[in-house]
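Dear colleague,

Please find the structure below.

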Amino acid sequence: MEADNRGLSYLERRKLVKRWDGPLPAVANTLMIFAIFGVTWWIFQDPRGLMRMYTPYVGYMVCRWLLILFIWLAYIFDFWPFNHGWLERTHPVVKGLVLTAFCVGAMVLLIDGFFMGLLGRYGIAYFSPERLQAMGLTHFYAEEYATEAIMMFAAIASWLSPSWVVACENAPWQKLAQPTRGITIAVVTFFLGTIIYFVTMHSHMAILFYPWQKYTAITPPYWEGFANTVSGNFHIAWIMCCTVVVWVYESIWQRYPFNLIQTDWLRRVTAFFGIIAVAFCLCFFLFYAQDLAWGLNIRGTRREMAPDWRWLHVGESAIFWLVGVLYLAFFCGNWPTKYSRPVNVFLRTVISALIGMAVYFLYYRYAHLFLGTQKGLSHPQQFPMIPMIWLINLFLVNIWFMDGWPGWKAVPKTATELDETADERVARDVRWTPSLARGLAVGAAAGAATYAVAVFLLPWVGQIQMVK
Amino acid sequence: MTDDFNTSRRDFVKGAATGAIGGTLAAMGIYSYSSSAYDRLPKVAREQQDFGAVRSVKVTNISETSWFNNAHLMEDIRTSGGLLVDQYTIGWGPFGNGKGPGKSSYADGIAPIKKMIPNDLEAAWAIQQKQALHPDNPGGYSCLIEVEDLDGSKHKYLLDVGWSYDWMDQSFKREGIDRMLQSGEIEALILSHEHFDHFWGFPVAMKYNNRIPTYIHNGFYKEGLQYIKDSGFQGDDLRIIDKEMTLIRPGMMAIKFDVPIICRVYGETSLAFNVKDKGLVLISGCNHQGILQMTSTAHKKLKYDNDRFYGIYGGLHISPFEDWDPKYDDLVFSLGKWNFERVGCNHCTGHLTAKKFVEAGYPVVRGTARFRTSSPDYLGNGDTITF
């Protein structure tokens, strides 16, 4: 694969082709990923295993930051400092190991060096376990508080970083060479992430201490009246929905419908804020769905009746959908592909949502039998996002770093295919016609009716005993 | 003409597919978190089960100090791998095996002491002094509940049996529980849940009465059930609570909550009393389900005098390790709406929570801070409260 002058990344310039016909590649990769999940979960996360990072916040932070480092390496830095020739020549397993090890090393540097070392030592005390411990907190909670704060940074980055690539198309730095482009986007998204952290999460952290740290953070936080809680989980909810919607937009939606906008700046701005708008729609629905299914939340309660938990569960539910989305996109060839793009997008949305619901059900019914966790919907120290993000990380390693080995292999795209990929950024396959407008109106009415049916059914769905 | 028709049909389908997603999302976003959406939520019907009434309930705090040094406890949890690690593997007495944090097991721990419990607890605990993590740290939670019926007759129940054999035996003797158990005055033992600090002192109770009817939540793990046997329980009356509501006696209801709990424990049982002319009194071991969850369950399910919440006693499990989370402030803000007249809190409530309750003006019944209870904000060891 030669260097591309149209701004296509390594991932855009390669094509993954199946090694075998039929569903065998998907089966092989699924089995391999689950085997690796089992082994790595036992080594790193399992409360019965070797390292037991699921304390929970240490493990939570690690899996989220690993996700960010994978995104940074593959999407923002286009695999810099690794040479693309090396990526093409090297066996996928070796690549997977080397690139993952590189990300782990970078993650350790970032967490220990930047957050705990620099920020915690010279800026904000709660990023440093040592400082918190020196001020009287137990060693355990000093680590938990610091890792919770660092984890929250990652939650924001998991939305902003890919959004800059997917929605904003790296603009206005898309023509810069690596690593200048990667560093610029990483710094800009980190800067934006810092601002968002301060207006969404800092108050949450400030309330952890007595008395509330009112001289350094807004307490009580401004969202209390709206979200019915002082917990920052309200922000986790919509930010996680943003993370999920970015990948929905990138994968199963093929950047539809915002890629119909022909004007570059308008398309990018619309996509960036459109993702946020879609995320808020999802967020509010998932919260309301819980109130419909399990009864009105009661402030001050704990577990599944508490508003703070329900906001958190919005993000958790969205992540279950993301598992379905990525599985469909990565291992099922973004099936179906034979219809027009809008129809494909619609069908994939329905199918991935069904997969997400199935994963949700299976997780709460059976996962405690394998993960070393406990059965139950809500446990104050259990976060289904940890195993789900761990699984997603393995998906990414397999597809991004290992070219889908063993079921797939990477081959260079032809010149025609490269042209098509470049053209994909702006779609021209849907044009405004009276028939389209009529379809839109009928579809919108059907969508609203579907929503009404869901609202009608959810109280009944809530009666299903999911946890046994 | 056919081409036009096909194009038109294709465009319509494209529009419909796009509109379906857009319409669903728009409805989600516009309606879901609106006031009209919440106006249509059905009002929850109150079942208001009549479960009788009692004249009064007196609670004697035998011990609320489950551990004496929070930093030591948390260090044991940290070095074992965090809050999800199985309690039987952490290495605390009586299941320490001397191999270090997180490397113990029920089988390892019970083997050397099995023949000693319940009759030679000193020797059993002495072994654990050598093998367990921070062996002087355990205390325990236990209280005596005296229920006065409407006819004036009195009935005694023991809620939980603490942790350390040594500390609990001392505490039982201090409050005369040893004699009450031996004489059969205490009618039943209720184990709120399987946690170390509420349950692992079980052999101490068995030492004085190994046939006492005992209630346990049906979420006990196999190690817990085995411990009941290994502790010398000879009774034929192990009452496994498997329904949400279990009437213990008229006016006294056990409420079962199926909740996963830290250190691999499942489920907690709490108690509700209808005190004649006063209202509902709630007593809990740890209240892992949450005070307001319990309150709201009682509100929905039970009928009680004056339709009023009167009192609450026990561990309220808010900041047990002197940790904090913003959601705990949600509770501090909200508790006032339920208008409890008397709040007797201790144990896993957390000193910071008790302090915030006092600051919020809640009717916290203060204690005497005796027998190693560290703050008068808690209803402490040896203190009593009568509802």
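A residue counts as buried when its relative accessible area is under 20%, as exposed when that area is over 50%, and as partly exposed in between (1.4 Å probe, protein chains only). This is a predicted model, in which local features need pLDDT of at least 70 and side-chain atom pairs count only at pLDDT 80 or more, while totals for chains, interfaces and linings use all residues. Residues are numbered from 1 along each chain as its sequence is written, chains are lettered from A and ligands numbered from 1 in the order in which they are written, and side-chain values use heavy atoms, with hydrogens and water left out.

Aromatic pairs

Rings of Phe, Tyr and Trp (its six-membered ring) pair if their centres lie within 6.5 Å; planes under 30 degrees apart are stacked, over 60 edge-to-face, and the rest tilted. By this rule there are 93 aromatic pairs over all chains. In one of them, Phe82(A) and Phe102(A) have ring centres 5.1 Å apart and planes at 85°, so the pair is edge-to-face. Phe82(A) lies in the loop between helix 3 (57-76) and helix 4 (84-89) of chain A, and Phe102(A) in helix 5 (residues 92-122) of chain A, 20 residues apart. Helices here are DSSP runs (H or I, at least four residues), numbered from the N terminus. Phe82(A) is buried, at 17% relative accessible area, whereas Phe102(A) is partly exposed, at 34%.

Phe234(A) and Trp311(A) form another edge-to-face pair, because their planes are at 80°, with the centres 4.9 Å apart. Phe234(A) belongs to helix 11 (residues 233-250) of chain A and Trp311(A) to helix 13 of chain A, so the pair ties together parts 77 residues apart in sequence. Phe234(A) is buried at 6% relative accessibility, and Trp311(A) is buried at 0%.

The interface between chains A and B

The contact (heavy atoms within 4.5 Å) takes 72 residues from chain A and 71 residues from chain B. Together the chains bury about 6,300 Å², 65% of it on carbon and sulfur atoms; buried area is the accessible area (1.4 Å probe) that two parts lose on being put together, summed over both. Tyr210(A), Arg302(A) and Gln374(A) supply 12% of the area that chain A buries against chain B, more than any other three residues.

There are 2 salt bridges between chain A and chain B, a salt bridge being a side-chain nitrogen of Lys or Arg within 4 Å of a carboxyl oxygen of Asp or Glu. Arg299(A) forms a salt bridge with Asp330(B), with the closest N and O atoms 2.8 Å apart.

Yours sincerely

Notes: Helices (H or I, at least four residues) and strands (E, at least two) are DSSP runs, numbered from the N terminus.
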